[in-house]
Every structure is written in C-alpha cells, then in structure tokens.
Amino acid sequence: MSNTPLKAVTLTLVRYQKGDQIGHFLAWVSLIPVFISLGGFLTHFIFRRELHGMFFALGLLISQFINGIIKTFVKQARPETCALLDMCDSLGWPSSHSQYMFFFAVYFTLLTLDGIGLSEIKNHWAVNFFPWSLAVLTMFSRVYLGYHTVAQVFAGAVLGFFLGAGWYWVVTNVISKYFPMIEESMFGRMFYVKDTSHIRNVLKFEYENARAARKNMDAKAD
C-alpha cells in the first residue's frame, strides 16, 4: 500500500472532544449548512422548482465561491487547535460556515419582510428568529470546536450579511424582471420552473388548487 498521507472529505466530518456533550451538539449544529444545501435546496429543486428559491441557492454558491477566493488571497491559518482536528492544511479567514449561515439568514429575513409567498404571516419576527439563532449557533460552534478564531467567524458573518443583502437586491430589482421569460423559456417548460413571487400565500394557493383538482377528478369519476 502507498505511503501517501490520507486526507478526509471534510464536508460532513466534524470532530469534537470525546465526552463533551456540548461539543457533540455543536458538531451537529456545524453541519446545518450541509443540511440546508442537500436537504433544503436540492429537495426544493426536485419537488418545487420555484425561481426565487433557485436564485437563493445560486447566491449561496456564489457567496461560497467568493469565500474561497478571499481565503486564497488572505492565506490566514486556522487556530493552533487545527492540529487536533487535522485541518491545518486549510485556510481559516473568513469562516465559510458563518458566511453561509448569515447569508441564508439575511436573505430569508428579507424574503419574509417583503412578504414573498408569506405575506399573510403576522409574526415575522417569530419566523425569522429560527434562521438567525441557527446562524449565531453555527458561528459559536466553529470557535468552540476549534476550527476558527473569533475574528474569522465574525469576518464570515459580516461578509455573509452584506453579500446576502446585496444578492437579494440584485434578484428582486434586476433578475426578477426576467422571471416570466425564464418561466416561458424552453428550460422553464422542460423542467416546470415557475415564479410564485406574485402569489400572496403560496401554501394556501397550492393547498386550495390541489383540493380543487382532486374534487374535479372525483366529480369526473362519478
């Protein structure tokens, strides 16, 4: 067998000290960006294919690409604890986890405040508490587990905040004008891509239309 050192795929590999229950919990918290990407946006594309959600995901990808470029230029190492985590060969500033979660939180908040698909929700603060609490927990987890310094996670949070707000402005003020064209394009028709940003309550709209379709089928069957 070759003596070449082995390297782990770190996408879902998070280490914590054995017996540390808080560390165990925060290790799972640290995986939230993976859950959002695979469990959230991938599922969204397969089952819903709504344009705002697709551009939301695209913005997160662009944000992570920018994060990689910045890390390459800054070349700031992770804290000394990286030796225990076997992560010293990767860069630390800014934290990509913090950047991802704060991008997600600010974009989600702006979507909610603008009432896109959620305009009948009264307690917007209650809805938005969840993504912001996850963002702060993720930021804390990266420091607690030794993957980043405080400065690195705050840099990621600030960058994610402004990139999320900036991308939301681009989508709502520039790209959304082309949503009808994308919807009617060959791509849109082939993959059933749709724009529901003009519907006040998407859940209610889909629920009522699903019920109406079923009743119509039942009536035809009779």
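Helices (H or I, at least four residues) and strands (E, at least two) are here DSSP runs, numbered from the N terminus. What you see is a predicted model, in which local features need pLDDT of at least 70 and side-chain atom pairs count only at pLDDT 80 or more, while totals for chains, interfaces and linings use all residues. Residues are numbered from 1 along each chain as its sequence is written, and side-chain values use heavy atoms, with hydrogens and water left out.

**The whole chain**

Colour the chain by accessibility, taking buried as under 20% relative accessible area, exposed as over 50%, and partly exposed as in between (1.4 Å probe, protein chains only). Buried residues make up 38% of the 222 residues in the protein chain. The accessible surface comes to about 13,700 Å², and 69% of it belongs to carbon and sulfur atoms; these areas come from the Shrake-Rupley method with a 1.4 Å probe, and for residues only the protein chains shown count as cover. If contact is taken as heavy atoms within 4.5 Å, then among contacts between residues at least 6 apart in sequence, 73% join residues at least 24 apart.

Select Trp 93 and Pro 94, which are joined by a cis peptide bond with omega of about -5 degrees; Pro 94 lies in the loop between α4 (82–85) and α5. Most residues other than glycine have a negative phi, and most peptide bonds are trans.

At the start of α5, a side-chain oxygen of Ser 95 reaches to within 3.5 Å of the backbone nitrogen of His 97. Now select the whole of α5: 15 of its 18 residues are buried, so this helix is largely enclosed by the rest of the structure. Its end C-alpha atoms are 26 Å apart, in agreement with the 26 Å that 18 residues should span at 1.5 Å a residue, the expected span being 1.5 Å times one less than the number of residues.

Within helix α5, go to Thr 109, which is buried, with a relative accessible area of 13%. The side chains of Thr 109 and Trp 132 are joined by a polar contact of 2.7 Å, where a polar contact is a pair of N or O atoms within 3.5 Å; within protein, one must be able to donate a hydrogen and the other to accept it, and residues adjacent in sequence count only if both atoms are side-chain atoms. Leaving aside neighbours within four places in sequence, Thr 109 is in contact with Asn 128 and Trp 132.

**Aromatic rings**

Next, show the rings of Phe, Tyr and Trp (its six-membered ring), which pair if their centres lie within 6.5 Å; planes under 30 degrees apart count as stacked, over 60 as edge-to-face and the rest as tilted. By this rule the count comes to 14 aromatic pairs. One of them is the edge-to-face pair of Phe 41 and Phe 104, at 6.5 Å centre to centre and with 80 degrees between the planes. This pair links distant parts of the chain, Phe 41 being in helix α2 (residues 32–47) and Phe 104 in helix α5 (residues 96–113), 63 residues apart. Phe 41 is buried at 16% relative accessibility, and Phe 104 is buried at 14%. Ring pairs link Phe 41, Phe 56, Phe 103, Phe 104, Tyr 107, Phe 108 and Tyr 168 into a cluster.

**Helix α7**

Move on to Gly 160, in helix α7 (residues 150–173). Is Gly 160 buried or exposed? At 0% relative accessibility, Gly 160 counts as buried. Apart from neighbours within four places in sequence, Gly 160 is in contact with Gln 99, Phe 102, Phe 103 and Val 106. Other buried residues of α7 include Gly 156, Gly 164, Trp 167 and Tyr 168.

**Two loop residues**

Finish with Lys 75, in the loop between α3 (51–74) and α4, which has a positive phi of about 55 degrees although it is not a glycine; Lys 75 is exposed, with a relative accessible area of 58%. Tyr 192, in the loop between α9 (186–191) and α10 (202–221), has a positive phi near 55 degrees and is exposed, with a relative accessible area of 63%.
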